[in-house]
Amino acid sequence: MKTTANKPQPVELSIEKKIKRRNFISFATFFVAGGAAFGGWKWLYNSPEEKAGITGGARQPLRRALNKTELFFRRIFSNDHVVKTYPKERAARVVRVNSDIGLTDESFDVSRWQLSLVKKKGEVLKINIEDLKALPKTEIVYDFKCVEGWDQIQHWAGLRFIDFIDYYQLHDQAKMGYVGMETPDGEYYIGLDMESALHPQTILAYEMNDKPITEEHGAPLRLIIPVKYGIKNLKRIGMINFSNQRPRDYWAEQGYDYYSGL
Ligand SMILES: Nc1nc2c(c(=O)[nH]1)N[C@H]1C(S)=C(S)[C@@H](COP(=O)(O)O)O[C@H]1N2
Ligand SMILES: [Mo]
């Protein structure tokens, strides 16, 4: 290795000059930022409060900022954000079973199951599993996450929700704010923001590990929505509807975050 001794050093500002310059910059920054902060605070203090409501009491500009932040996060965590996927070999062979609310009705018969698609109030379309299986199939292998603290790489397949929307001509419904889904007995129910429902990885699943979904995992049709925690992944879908108001949601009623996004 060569030594580099005796090389001329680059000319530098003297230490003292550097300190002076830094001090000037920090004082200037302090005054400008401080002034702006005070002005901003006065502006905020004098601005009207938003109307009373659930979030009532916050100054309007703050609420606007909060609403924007929420929208911003909902955007990134929905369509622009794709959940990490894995090769098939990484998928668990023994898939964890979590809970069975809405799956306990003794009279339920998978072979007679039909999906009720509520297009409008009073306009219900009944759909068979074969109808859905005839449409393009999409597979996904990803890390399924439950709020209770476990996760597992799982392999699911079915019809993308966005393809379902397209095939059943639900474009007007897709302009609404929310999708609601319930088990046939109405015991378990979820509400989804439309952006997450239309996410390209959201699937109406009928297969797990290349076989029809078993009853405990939600046969014949369950929701797989990788941008959300497990609680939103409704097993045994009986009904799907659309609305501009938040649909009822089982776990949100128990105090969990309505969006439960990842
Ligand atoms: N109908 C129904 N769907 C459900 C649940 C449930 O209790 N009933 N539990 C949810 C929760 S909390 C999780 S973590 C996943 C678990 O799905 P799995 O049993 O296939 O692992 O299903 C979700 N969907
Ligand atoms: Mo869960």
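This is a predicted model: local features need pLDDT of at least 70, side-chain atom pairs count only at pLDDT 80 or more; totals for chains, interfaces and linings use all residues.
The side chain of E182 forms a salt bridge with that of R248, with an N to O distance of 3.2 Å. This pair connects distant parts of the chain, since E182 belongs to strand β5 (residues 178–182) and R248 to the loop between β10 and α6, 66 residues apart. R248 is partly exposed, at 40% relative accessibility.

D249 lies in the loop between β10 (239–243) and α6 (250–253). D249 is buried, with a relative accessible area of 5%. Its side chain makes a polar contact with the side chain of K232 at 2.7 Å and reaches the backbone nitrogen of G191 at 2.9 Å. Apart from neighbours within four places in sequence, the residues in contact with D249 are Y189, I190, G191, K232 and Y258.

Eleven salt bridges were found in a search of the whole structure. One of them joins E215 and R236, whose closest N and O atoms are 3.6 Å apart. R236 is buried at 3% relative accessibility, whereas E215 is partly exposed at 41%. K88, E139 and D210 are joined into one network by salt bridges that share partners.

A salt bridge also forms between K120 and E123, with the closest N and O atoms 3.6 Å apart. K120 is exposed, with a relative accessible area of 55%, and E123 is partly exposed at 35%.

Methods: Residues are numbered from 1 along each chain as its sequence is written. Chains are lettered from A and ligands numbered from 1 in the order in which they are written. Side-chain values use heavy atoms; hydrogens and water are left out. Helices (H or I, at least four residues) and strands (E, at least two) are DSSP runs, numbered from the N terminus. Buried means under 20% relative accessible area, exposed over 50%, partly exposed in between (1.4 Å probe, protein chains only). A polar contact is a pair of N or O atoms within 3.5 Å; within protein, one must be able to donate a hydrogen and the other to accept it, and residues adjacent in sequence count only if both atoms are side-chain atoms. Contact means heavy atoms within 4.5 Å. A salt bridge is a side-chain nitrogen of Lys or Arg within 4 Å of a carboxyl oxygen of Asp or Glu.
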